[in-house]
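Please look over the structure shown here.

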Amino acid sequence: MKSHISIRNVNAFYSDHQALKGITVEIPEKQITAIIGPSGCGKSTLLKCFNRLIDLTDGARVSGKIIVDDMDVLNHSIDITDVRRRMGLLPQKPNPLPMSIYDNVAYGPRIHGIKDKKKLDQMVEKYLKIAGLWDEVKDRLKSPASKLSIGQQQRLCLARGLAVEPEIILCDEPTSALDPVSSQHIEQQLLKLKNDYTIVIVTHNIHQAIRLADYVIHLYLGELVEHGPANEVFENPREERTRSYINGTLFTDLGIDKEVNLKGNACPYNFVYAKQALHELSKGKVLKLIVDDPLAVTEVPRGMEADGHEVLSVKQINRTDWEILICKQS
Amino acid sequence: MDRLLEEKFFKLLMLLSLAIVVGSLFMVVTVIVWKGAPVMTISMLTQTSKGGYYLGGTEGGILNAIVGSLYLGFGSMFLALMISLPAALALQKDYIGRTKAAYYIRLSLDILWGIPSIVYGAFGFIVMLYFGVKASLLGGIIVLTLLQMPIMIRAMDEVIRLVPQELKEASYTLGATKLETTAAVVVRQALPGILTAVLLGFGRGIGDAASILLTVNYTDNLPGSLLDSAASLPLAVFFLLSMPSPEVQQRAYASALVLLIIVLALSITSRYLSRRFMKNIIR
């Protein structure tokens with residue numbers, strides 16, 4: 001296994017909050033690497049460090065080294081536009097640029113100096129074909145990208161990212177905003193692309209990780225819990241936390257036994273109410289908590305784990321609210 | 001039942017407010033058209049004023065005021081746009097938007113926005129006196145530019161800030177620089193709002209009388225160069241209305257009507273343009 005991205009002791013902070021804690025891991029070349037873990041665990045932050053998009057976030061700081069092709073991405077003296085060109089990003093929500101379908105794909109090549117109309121035409125066609133969108137849009141390349149369906153927009157974003165001819169494709173939960181058919185479409189394209197590109201996909205959908213990944217990195221609350229080849233991690237995880245995350249996520253698909261809304265409660269009351277709610281459940285049942293106190297997002301899961309319960313997932317559901325799933329153990 | 005009554009009452013109140021707005025606008029337009037239209041002849045639009053505006057002459061037309069106002073309006077709009085757009089773009093988060101300086105710049109622009117135009121006029125007058133320049137078209141254009149800049153910058157700033165961060169990120173991830181992103185994505189996405197900002201500035205510029213009273217003065221002649229004094233529609237309204245004779249006063253309404261038509265024409269054009277540009281915008 002040849003390493004393509006080498007992450008060495010990376011720490012990331014948002015103001016006072018440490019989002020990544022000393023991550024050291026290698027990402028293999030021309031394979032699909034899935035970064036899994038509950039939302040809020042630092043998956044997207046890690047991805048944003050690769051192309052230094054994290055620079056755009058207020059109060060964000062990163063330390064450590066990320067080596068791609070003998071170049072340290074986190075070194076501020078390098079040409080960041082060149083680093084970003086080598087890494088296509090497929091975002092969580094498709095974000096076509098305010099221009100036509102054609103111009104969306106041609107935008108990247110144009111800024112990197114390709115002016116020849118014929119060459120551009122060829123590239124647009126080539127990458128729309130690779131993204132599996134050409135047949136649907138070949139007659140209306142001049143119409144606005146915003147007129148496409150959301151699934152088509154995501155494939156357009158894929159084509160746009162590929163058109164700058166990157167070596168690495170970063171995907172930040174690329175199917176979470178899509179319907180099942182469009183999601184499947186994207187997954188198929190990614191599987192085809194892995195022969196030519198190193199792909200890193202962030203996902204909280206464990207089924208997707210199982211379907212796609214060759215290599216798995218599990219993060220939890222900013223720490224690297226486990227990493228290794230996908231079959232080893234999924235079938236025989238070394239870490240208890242990975243085991244419970246994988247089982248837990250599969251388990252929660254079965255249903256939630258009780259739901260408690262703790263919005264407006266501060267710590268430690270939300271923890272106390274959560275414990276009371278859990279008390280009424282029998283072992284193995286799942287409790288869903290909704291919290292809006294930022295402290296609760298980390299402290300409630302910690303407290304619950306300290307009590308011996310299993311935290312299945314912590315997920316941000318909108319701008320203020322988080323959903324915590326807990327499986328009663330003792 | 002109580003709540004339904006409440007609902008009806010407040011709906012009525014809102015509709016009443018709307019009626020006041022639309023009604024007063026309608027009345028303004030009606031009065032101006034009613035008073036101005038009868039004297040709107042071809043010669044009114046194609047001849048300059050004869051016989052001295054200050055003597056209450058009724059000969060000739062108001063071409064001098066129309067030409068002067070078009071020069072002042074478009075000249076200052078163009079100049080203000082050239083300065084305001086880069087300034088507004090610099091206030092983005094990607095440039096200096098996060099700094100304390102940006103906060104104070106916005107604050108001072110808001111204050112400048114509220115300063116009465118006669119103060120700009122007085123300022124321009126003092127500066128021109130100091131340099132020994134006499135009242136001229138150029139002085140008026142510069143003062144009107146100063147008047148419009150805070151409006152344009154703040155209005156543009158607001159729409160530019162509304163450009164979604166994801167759009168900029170999409171451009172950055174493709175390896176674009178800040179400049180490329182700003183020019184190709186931000187300006188494009190914010191274009192309808194930028195046009196509105198320009199229109200806001202233009203409306204204030206072409207309609208302002210106080211600031212050009214001292215800096216451009218008024219004349220019956222067409223301006224031959226930027227250093228000549230010139231007439232303008234708002235000042236035509238001001239001078240002609242203050243005459244006792246009703247015939248002269250009617251000419252003031254004709255000037256107001258022309259002013260109204262110019263602003264309306266530009267407004268409709270920019271609506272049309274922005275609808276064409278809107279096609280690609282991400283909502």
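Helices (H or I, at least four residues) and strands (E, at least two) are DSSP runs, numbered from the N terminus. This is a predicted model, in which local features need pLDDT of at least 70, side-chain atom pairs count only at pLDDT 80 or more, and totals for chains, interfaces and linings use all residues. Residues are numbered from 1 along each chain as its sequence is written, and chains are lettered from A and ligands numbered from 1 in the order in which they are written.

Q: How many helices and strands does chain B have?
A: Along the sequence, chain B reads α-α-β-β-α-α-α-α-α-α-α-α-α. The count is 11 helices and 2 strands.

Q: What share of the residues in chain B is buried?
A: A residue is buried if 20 or more other C-beta atoms lie within 10 Å of its own, exposed if 12 or fewer, and partly exposed in between, with C-beta atoms placed from the backbone. Chain B has 283 residues, and the buried share is 39%.

Q: What is the secondary structure count of chain A?
A: The C-alpha atoms of chain A fill a box of roughly 70 × 40 × 40 Å along the principal axes. The secondary structure of chain A comes to 12 helices and 14 strands.

Q: What radius of gyration does chain A have?
A: The radius is taken over C-alpha atoms, and the globule rule is 2.2 Å times the number of residues to the power 0.38. For 330 residues, a compact globule would come near 20 Å. Chain A agrees with that, at 21 Å.

Q: Which helix of chain B gives the most to the side that touches chain A?
A: Two residues are in contact if their C-beta atoms, placed from the backbone, lie within 7 Å. The contact takes 25 residues from chain A and 22 residues from chain B. On the side of chain B, α7 (165-173) and α8 (178-207) each supply at least two residues. The most, 7 residues, comes from α7(B).

Q: Are α3(A) and α6(A) roughly parallel or roughly antiparallel?
A: Axes are lines fitted to C-alpha atoms, for helices over the stretch in contact, and angles run from 0 to 180 degrees between N-to-C directions. Angles under 35 degrees count as roughly parallel, over 145 as roughly antiparallel, 65 to 115 as roughly perpendicular and the rest as oblique. Helix α3 (residues 101-111) of chain A packs on helix α6 (residues 150-162) of chain A at about 30 degrees, with axes 7 Å apart. That makes α3(A) and α6(A) roughly parallel.

Q: Which residues of α7(A) does α6(A) meet?
A: Helix α7 (residues 180-193) of chain A packs with α6(A) at an angle of about 20 degrees, with axes 9 Å apart. The two helices are therefore roughly parallel to each other. From α6(A) come A:Gly151, A:Gln154, A:Arg155 and A:Leu158; they meet A:Ser182, A:His185, A:Ile186 and A:Gln189.

Q: Is A:Leu278 buried or exposed?
A: A:Leu278 sits in helix α11 (residues 269-279) of chain A. Within 10 Å lie 21 other C-beta atoms, so A:Leu278 is buried.

Q: Which residues does A:Leu278 touch, not counting those up to four places away in sequence?
A: A:Asp69 is 209 residues away from A:Leu278 in sequence and 50 Å away in space, C-alpha to C-alpha. The residues that A:Leu278 touches are A:Leu287, A:His309, A:Ile326 and A:Lys328.
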